[in-house]
Amino acid sequence: MDTQTVEKLAELARIAISAETIDEVSNRLGDVLQLVDQLQAVHTEGVAPMAHPLDEVQVLRADEVTEPNRREEFLALAPQSEAGLYLVPKVID
């Protein structure tokens, strides 16, 4: 990757790259592009895409009610309620 390309990319990305570091940035970007080329060269035909490299399953606990239903007690504490719902002041006209 040449310095003119790096300068153009820096301009498009709105980042400042000093003249002293432009060669280093150019080399690093070249290394990244070589890695991408290396990844693209891998034969992946017939390989199923996957979301995760391991075949792990998340074990979930049983969904059990552990607390008593205190809805009526909480509704009794509200300033206003109706049909099991809390009534609040209108916010949007």
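Me: Where does serine 26 lie, and why does serine 26 count as buried?
Reply: Serine 26 lies in helix α2; helices (H or I, at least four residues) and strands (E, at least two) are DSSP runs, numbered from the N terminus. A residue is called buried under 20% relative accessible area, exposed over 50%, and partly exposed in between (1.4 Å probe, protein chains only). Serine 26 has 6% relative accessibility, and therefore counts as buried.

Me: What kind of model is this, and how are its residues numbered?
Reply: This is a predicted model, in which local features need pLDDT of at least 70 and side-chain atom pairs count only at pLDDT 80 or more, while totals for chains, interfaces and linings use all residues. Residues are numbered from 1 along each chain as its sequence is written, and side-chain values use heavy atoms, with hydrogens and water left out.

Me: Which residues does serine 26 touch, not counting residues up to four places away in sequence?
Reply: With that exclusion, serine 26 touches Met1, Asp2 and Val6. Contact here means heavy atoms within 4.5 Å. At 40% relative accessibility, aspartate 2 counts as partly exposed.

Me: How far apart are aspartate 2 and leucine 29 in sequence and in space?
Reply: Aspartate 2 and leucine 29 are 27 residues apart in sequence, and their C-alpha atoms are 9.8 Å apart in space. Threonine 21, in the loop between α1 and α2, is 19 residues from aspartate 2 along the chain, with 13 Å between the C-alpha atoms. Threonine 21 counts as partly exposed, its relative accessibility being 31%.

Me: How do you know that the span of helix α2 agrees with its number of residues?
Reply: The expected span of a helix is 1.5 Å times one less than its number of residues. For the 19 residues of α2 (residues 22-40) this gives 27 Å, and the end C-alpha atoms are 27 Å apart, so the two values agree.

Me: Which residues of α2 are buried, and what puts them on the same side?
Reply: The buried residues of α2 are Ile22, Ser26 and Gly30. They cover an arc of only 75 degrees around the axis, and therefore lie on the same side of α2; the arc is that of the directions from the helix axis to the C-beta atoms. What covers these buried residues includes α1 (3-13). The face of α2 turned away from the buried side carries the exposed residues Asn27, Arg28, Gln38 and Leu39.

Me: What makes the pair of arginine 28 and glutamate 24 a salt bridge?
Reply: A salt bridge requires a side-chain nitrogen of Lys or Arg within 4 Å of a carboxyl oxygen of Asp or Glu. The closest N and O atoms of arginine 28 and glutamate 24 are 3.0 Å apart, and the pair forms a salt bridge. The two residues are 4 residues apart in helix α2, which means that about one helical turn separates them. Arginine 28 is exposed, with a relative accessible area of 55%, whereas glutamate 24 counts as partly exposed at 43% relative accessibility.

Me: How many salt bridges does a search of the whole structure find?
Reply: The search finds 2 salt bridges. One of them joins arginine 70 and glutamate 73, whose closest N and O atoms are 3.4 Å apart. Arginine 70 counts as partly exposed at 39% relative accessibility, and glutamate 73 counts as partly exposed at 47%.

Me: Which residues make the nonpolar surface patch?
Reply: Met1, Leu9, Leu12 and Leu33 make a nonpolar surface patch of about 370 Å². Patches are made of residues with over 30% relative accessible area and no salt bridge; like charges are joined within 9 Å, and nonpolar side chains (Val, Leu, Ile, Met, Phe, Trp, Tyr) within 5 Å. Accessible areas come from the Shrake-Rupley method with a 1.4 Å probe, and for residues only the protein chains shown count as cover. Leucine 12 has its place in helix α1 and, at 57% relative accessibility, counts as exposed.

Me: What is the phi of arginine 14, and why is arginine 14 called exposed?
Reply: Arginine 14 has a positive phi of about 60 degrees although it is not a glycine. Arginine 14 is found in the loop between α1 and α2. Its relative accessible area is 74%, so arginine 14 is exposed. Alanine 83, in the loop between β1 (81-82) and β2 (85-86), also has a positive phi, near 55 degrees, in a residue other than glycine. Alanine 83 is exposed, with a relative accessible area of 74%.
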